[in-house]
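Look at the sequence and the model first, then read on.

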Amino acid sequence: MIDNRTEVDVEMQEAPEEEPARQRFFIKKCRELLQKREQELGRKLTFHDQTFGCQMNFKDSEKLNGILEEIGYVPVNSEDADFVYYNTCTVRENANVRVYGRLGTLKTYKKKNPDMVIAMCGCMMQEEEEVQKVKEVYKFVDVVFGTHNIFKLAELLYQCLSTKRRVFDIWEKTDLIIEDLPSDRKLKFKAGVNIMFGCNNFCSYCIVPYVRGRERSRKPEDIVAEVECLAKEGVVEIMLLGQNVNSYGKTLEHPITFAELLRRVEQVDGIERIRFMTSHPKDLSEELISVMAASKKVCRHLHLPVQSGSSRLLEKMNRKYTKEQYLELVGKLREAMPDLSLTTDIIVGFPGETEEDFQETLDMVRKARYDSAFTFIYSKRSGTPAAEMEEQIPEDVVHDRFDRLLKVVGEVAKERNARLKGKTELVLVEGPDEKDDTMMTGRLSNNNVVHFKADASVIGKIVPVVLEEAKGFYYLGRLSNG
Ligand code: SAH
Ligand code: SF4
Ligand code: F3S
């Protein structure tokens, strides 16, 4: 063991200090270890990921998977694998409960396969008490890292594989943005692209700024180069990702606006559709509205989280806009783009929410006419200002409001989603319908889903589809011959 450690120490010293060269060095080292093990076992080693939370986490998992594949692990669709990682979310309490609920099952696989390596990463691992819990209670977890150092996976894995010890590496914060490491993609024709990391908004209920750190933007030339590369690989739709894309570029050495970034990305040949997530209403500029309206590529969908319809609560939430300002913005958007689909996030049961506040939220849904809304029951996150607020709302009251909200959201959405019935729209075909494989599923520019009869040759293509029937949250259609 002592010899083994010295050897590893020597290798750690040999490793280049610069990134990403350092990680490339450890990818190679891991690959050598893996090849040796494959020969001993007479089979390939496998990996599996379990990803919770938002698009940001799914994007991080693509990067982690890219590294694992380059090391030589083969992806499998089962947790009975040689390397399994959980990329966790902590935005609401039930996200944490789900993670621990599943983690136990991994222990049984590990008993069968003692070589198995289990890793935990993501937002939950940026919370000290959760890391402590994993350290003490879940002793079969081998590697733990956070959101700031996912690029280090190969190095951490190498440490674990070569020393057979548990490795914990959590960074409190970072200014680093490491480019040019491998990344894997689930779909050939559609890809997410990070444009910024972290969040500076500190909405009073939200834990994201604490676990994802301060806002930092990637350089526009790096983003455009990545998009060009994706286009060459056959990607036709990209989703630009950030917690608040409307404040993109403010902290760059040469600041540019998000609208300007969109203009530059739009010029990339081969990219047909551009989406982005998420927009904060307080930073949505007139410039952005006009770039969107003039664009043939930017999709006719905007996700604009409102959180509440009550100006009094919006202030307590630190959202920095009022109900009136939000509705004015919606008015401008609808005027510039009458065909725009608008979706939102709403929280019910924020501390101090009265029936009157809640009625304002219902009124907001009716006035903004959302195509759909993600509705959440407020969840107390320790360390956030809202967790300290008095007047937390009793559970039965919250559930009653939640049900009433769902009903109104559903009514408005149903009306909205029937409006394209009979029209022919361009659809990006994503793959076979989950329930019926003679049918294909695709998305309109406004993000609505349509199912229609077609064979697999249209997957990844943009085709015209007649929207024959409106079924609430989706359409049934047929390929247009004209
Ligand atoms: N950056 C994005 C949202 C990230 S979190 C934005 O600001 O729009 C996604 C959604 O989770 C939020 O919009 C909010 O509606 C919800 N959310 C965040 N913290 C929550 C909490 N403590 N309880 C309930 N819902 C919460
Ligand atoms: Fe959370 Fe607000 Fe930042 Fe969104 S903008 S991630 S809700 S703090
Ligand atoms: Fe969850 Fe982290 Fe996203 S807390 S919502 S995975 S940024």
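## Ligand shells

The shell around ligand 3 divides into four nonpolar, four polar and one charged residue. This is a predicted model. The residues around ligand 3 are Gly53, Cys54, Asn57, Cys89, Thr90, Val91, Cys123, Arg212 and Gln243.

Ligand 2 has a shell of seven nonpolar, three polar and one charged residue. Cysteines around ligand 2 include Cys199, Cys203 and Cys206.

## Aromatic pairs

The structure holds 13 aromatic pairs. One of them joins Tyr205 and Phe350, edge-to-face, at 6.4 Å centre to centre and 90° between the planes. This pair links distant parts of the chain, 145 residues apart. Tyr205 sits in the loop between strand E8 (196–197) and helix H7 (208–212). Phe350 sits in the loop between strand E13 (341–348) and helix H13 (355–368). Tyr205 has a relative accessible area of 9%, so it counts as buried. Phe350 is at 0% and therefore buried as well.

Phe350 also pairs with Tyr378. Their ring centres are 5.7 Å apart and their planes stand at 70°, over the 60° cut-off, so this pair is edge-to-face. Again the link spans distant parts of the chain, 28 residues apart. Tyr378 lies in the loop between strand E14 (372–377) and helix H14 (395–417). Both Phe350 and Tyr378 are buried. Elsewhere, ring pairs link Phe25, Phe26 and Tyr158 into a cluster.

## Helix H6 and Glu155

Helix H6 is mostly covered, with 10 of its 11 residues buried. Among them are Leu153, Ala154, Leu156, Leu157, Tyr158, Cys160 and Leu161. Ser162 and Thr163 are buried too. Just after H6, Lys164 takes a positive phi of about 55°.

Glu155 lies in H6, which spans residues 153–163. Beyond its neighbours within four places in sequence, Glu155 is in contact with Met12, Arg22, Gln23 and Phe26. The side chains of Glu155 and Arg22 are joined by a polar contact of 2.8 Å. Arg24 is 131 residues from Glu155 along the chain, yet their C-alpha atoms are separated by 9.1 Å.

## Arg166

Arg166 is found in the loop between H6 and strand E6 (167–169). At 30% relative accessibility, it counts as partly exposed. Residues up to four places away in sequence aside, Arg166 touches Val134, Lys135, Tyr138, Lys139, Val141 and Asp142.

Two backbone oxygens are reached by the side chain of Arg166: that of Lys135 at 2.9 Å, and that of Tyr138 at 3.0 Å. Arg166 and Arg300 are 134 residues apart in sequence, and 48 Å apart in space from C-alpha to C-alpha.

## One face of H9

Helix H9 covers residues 258–266. Its buried residues are Phe258, Ala259, Leu261, Leu262, Val265 and Glu266. Seen down the axis of H9, they fall within an arc of 155°, so they line one face of the helix.

What covers that buried set? The cover includes helix H8 (220–232), strand E10 (237–241), strand E11 (273–277) and helix H10 (286–294).

## Backbone exceptions

Most residues other than glycine have a negative phi, and most peptide bonds are trans. Two bonds here are cis. One joins Glu19 and Pro20, with omega about 5°. Pro20 lies in the loop between helix H1 (2–14) and helix H2 (21–41). The other runs from Met277 to Thr278, with omega near -5°. Thr278 lies in the loop between E11 and H10.

Positive phi values occur as well. Arg369 is not a glycine, but its phi is about 50°. Arg369 is found in the loop between H13 and E14, and at 28% relative accessibility it counts as partly exposed. Glu391 has a phi near 60°. Glu391 belongs to the loop between E14 and H14. Its relative accessibility is 55%, over the 50% cut-off, so Glu391 counts as exposed.

Key
Residues are numbered from 1 along each chain as its sequence is written. Chains are lettered from A and ligands numbered from 1 in the order in which they are written. This is a predicted model: local features need pLDDT of at least 70, side-chain atom pairs count only at pLDDT 80 or more; totals for chains, interfaces and linings use all residues. Side-chain values use heavy atoms; hydrogens and water are left out. A residue is near a molecule or strand if one of its heavy atoms lies within 4 Å of it. Ala, Val, Leu, Ile, Met, Phe, Trp, Tyr, Cys and Pro count as nonpolar, Asp, Glu, Lys and Arg as charged, and the others, Gly among them, as polar. Helices (H or I, at least four residues) and strands (E, at least two) are DSSP runs, numbered from the N terminus. Contact means heavy atoms within 4.5 Å. A polar contact is a pair of N or O atoms within 3.5 Å; within protein, one must be able to donate a hydrogen and the other to accept it, and residues adjacent in sequence count only if both atoms are side-chain atoms. Buried means under 20% relative accessible area, exposed over 50%, partly exposed in between (1.4 Å probe, protein chains only). The arc is that of the directions from the helix axis to the C-beta atoms. Rings of Phe, Tyr and Trp (its six-membered ring) pair if their centres lie within 6.5 Å; planes under 30 degrees apart count as stacked, over 60 as edge-to-face and the rest as tilted.
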